[in-house]
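Visitor: I am new to this structure. Could we look at it together, one topic at a time?
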Amino acid sequence: VERRAQQSYITLCFACTTPLDFCLRPPLEWCRLPLWMQARIQGSGDIDGVTYYDINVALLNGQCWNVRRRYNDFVELHKHVWRTWQTLELPKKDVFGLLKAYDVGGFRQHRQQQLEAYLRHLLRQVPSLEQDPSIHRFLTASSFDEPLPTTDQPSVNTVHRGRNVARSDLTQRHRAAPPVWVEHTGSRGGVSNAGNSPANNAPATDMRNFIEDYMRAFTAQVDQTAALRHQEEEERECFPAIFESKYGAEAPGLFNGSFVGAVASARAQQRFLLVWLFGDNPASEALGSILCGEVLKAFVSQRFILWPGDADRWLLPAQLKQYLRLSSVPVLLILRPLSVYDVPHLADPCDGHPVEFPRDAAWSLLGCWDASTMGVDVEALVNFLAEHEETAAQENRLREQELQFQREYTEEARLLRQQQDEEFESSAHEDRQRAEAAAREAEEAERDRLRVAAEEAALEAARTSQQAEAAALAADRRGVAAVLLASPVPSEGERCTLVIRLPGGQRVERVFGADDLLADVYAWANCCGELSALMGKESFEVPLSFQLATTYPRRELVDQTRTLRELHLLPNAILVLC
């Protein structure tokens with residue numbers, strides 16, 4: 001027991017309303033459970049297409065109020081608390097809103113149960129609202145976006161036994177509440193709230209003695225629990241061999257794992273879980289002999305998951321017997337496996353309400369066959385199992401129809417989404433193709449423009465170069481022509497008269513000496529156009545490069561170092577410029 005100033009809570013193992021017979025954890029794993037607040041989702045409603053959940057918050061002193069929250073408020077709360085407290089997973093968001101709109105598979109009820117389980121699991125860990133402002137604002141403010149209420153500035157009023165009480169006053173009363181003391185009486189429900197009893201004013205010695213006695217009882221119970229758990233682990237592994245040696249027949253198809261595993265396996269196979277609790281008495285032996293029968297063995301193996309448990313020697317079967325308040329064994333329990341999100345709140349399993357026991361094993365009790373009162377008649381037992389098997393088959397058919405509807409709805413949504421994706425992808429592909437074609441055309445146009453510009457630049461450069469070369473050549477030719485014009489014609493010695501025919505039909509004539517070189521003839525032929533102009537005649541163009549050749553027989557004159565005599569051009573000759 002732990003007492004702190006300004007706070008009212010206790011430290012217990014497993015649950016404050018559960019006797020120590022159900023304690024499964026050592027003292028180091030005690031969990032703190034708030035005794036001052038409970039929160040339940042009473043219902044939901046739609047406003048402008050948005051679902052709001054009505055949360056009723058109640059304290060043990062009678063104060064209570066309601067707050068209205070939407071799914072996004074739970075998501076915002078989760079963002080603030082998941083790093084500080086252990087939280088469950090929130091239900092998945094309905095992306096398109098169709099599951100909520102058509103309430104597919106009981107979507108609304110299932111989401112409400114999951115949100116309530118999330119909130120209940122969170123509040124189990126919080127000793128007071130002052131320790132987490134986000135939870136305080138979530139459970140007190142009229143809107144989750146409002147700032148945290150303070151004691152100096154009262155916020156929205158809450159209803160308390162027919163009169164209005166400000167939440168600031170509520171906080172002050174909670175802080176001033178006296179501590180709660182817990183005593184263990186050794187029976188179910190043995191937790192008492194002393195409130196303002198005289199025990200609160202007892203001396204420290206009396207309190208220390210009370211704690212020591214409580215811890216001794218707790219330690220003894222823990223040792224007994226550990227012994228039963230160890231015995232169950234050892235005997236469960238070899239239970240089929242024990243069964244065969246005891247009844248002289250092969251054991252029926254048993255699930256030889258833990259109870260949590262049996263519940264999970266039954267839920268996965270969509271079967272009911274048949275729990276066989278037995279003990280060391282003649283009725284248990286008689287029921288075991290009946291279960292060895294071929295008819296009942298085949299019937300059970302095809303329709304149920306059979307989980308055996310010795311309620312006198314094993315831990316979890318003994319806890320199940322006490323949890324269900326069974327007076328005697330053997331019994332056959334038919335359990336429907338559920339999800340932990342299907343357990344909305346604490347309830348009595350004997351009334352058929354969903355429960356979670358032990359942790360991570362959710363189920364509800366459908367039927368109980370007590371052999372001590374109902375006997376061990378094979379026919380009656382088969383009828384009892386067949387009745388529940390028919391119920392299971394009908395539920396499976398309804399579940400299959402619901403799953404088929406969900407599959408069809410999901411498939412239609414998938415096909416619609418696929419069609420939309422294909423249309424979008426096709427449109428995007430066409431857009432990409434058009435963009436790529438436009439880019440290619442622009443690139444080709446740019447390349448053509450650059451090529452034309454380069455060609456024009458090259459042509460311009462070539463023209464400029466040619467014009468420069470032509471100008472230089474013309475200047476050279478004019479210089480040579482001026483020199484030849486000033487040179488006298490040979491008057492003495494042997495002479496050679498040469499006539500040159502140009503490609504344009506022009507004819508030029510000049511007299512050379514017999515010993516003049518062919519190079520002098522080429523120099524005259526190169527500038528004959530300019531020389532004609534200097535002599536007052538018509539000017540004409542001479543090719544930049546040319547060769548001289550005789551007319552007949554045609555002979556090209558290449559060696560410019562030879563004389564006209566050596567070339568046999570005396571006394572006259574006609575040459576062709578080509």
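Visitor: What does L473 touch, leaving out residues up to four places away in sequence?
Guide: L473 touches N526 and L544, where contact means heavy atoms within 4.5 Å. This is a predicted model, in which local features need pLDDT of at least 70 and side-chain atom pairs count only at pLDDT 80 or more, while totals for chains, interfaces and linings use all residues. Residues are numbered from 1 along each chain as its sequence is written, and side-chain values use heavy atoms, with hydrogens and water left out.

Visitor: Where is the place of L473?
Guide: L473 is in helix α13. Helices (H or I, at least four residues) and strands (E, at least two) are DSSP runs, numbered from the N terminus. The C-alpha atoms of L473 and C527 are separated by 9.4 Å, and these residues are 54 apart along the chain.

Visitor: Which strands does helix α14 lie across?
Guide: Helix α14 (residues 518-526) lies across β13 (495-501), β14, β15, β16 and β17, and runs at about 150° to β14. Such angles run from 0 to 180 degrees between N-to-C directions, with axes fitted to C-alpha atoms, for helices over the stretch in contact.

Visitor: In what order do the 5 strands form the sheet?
Guide: The order is β14-β13-β17-β15-β16, in an open sheet with mixed pairing. Its edge strands, each pairing on one side only, are β14 (507-513) and β16 (555-557). Two strands pair if DSSP finds at least two bridges between them.

Visitor: In what sense do β15 and β17 pair?
Guide: They pair in the antiparallel sense, over 3 bridges. L548 stands opposite L577 in β17.

Visitor: Changing topic, how many salt bridges are there?
Guide: The count comes to 18, taking a salt bridge as a side-chain nitrogen of Lys or Arg within 4 Å of a carboxyl oxygen of Asp or Glu. In one of them, the side chains of R108 and D46 meet at 2.9 Å, N to O.

Visitor: Which parts does that pair tie together?
Guide: R108 lies in helix α3 and D46 in strand β3 (residues 37-47), so the pair ties together parts 62 residues apart in sequence.

Visitor: Which element gives the most to the lining of the second largest pocket?
Guide: That is α13, with 12 residues. A pocket is an open set of points on a 1 Å grid over the protein atoms alone, where a 1.4 Å probe fits, with protein on both sides within 12 Å along at least five of seven lines; lining residues have an atom within 4 Å of a point. This pocket is lined by 30 residues, with L99, V104, G105, F107 and Q406 nearest its centre.
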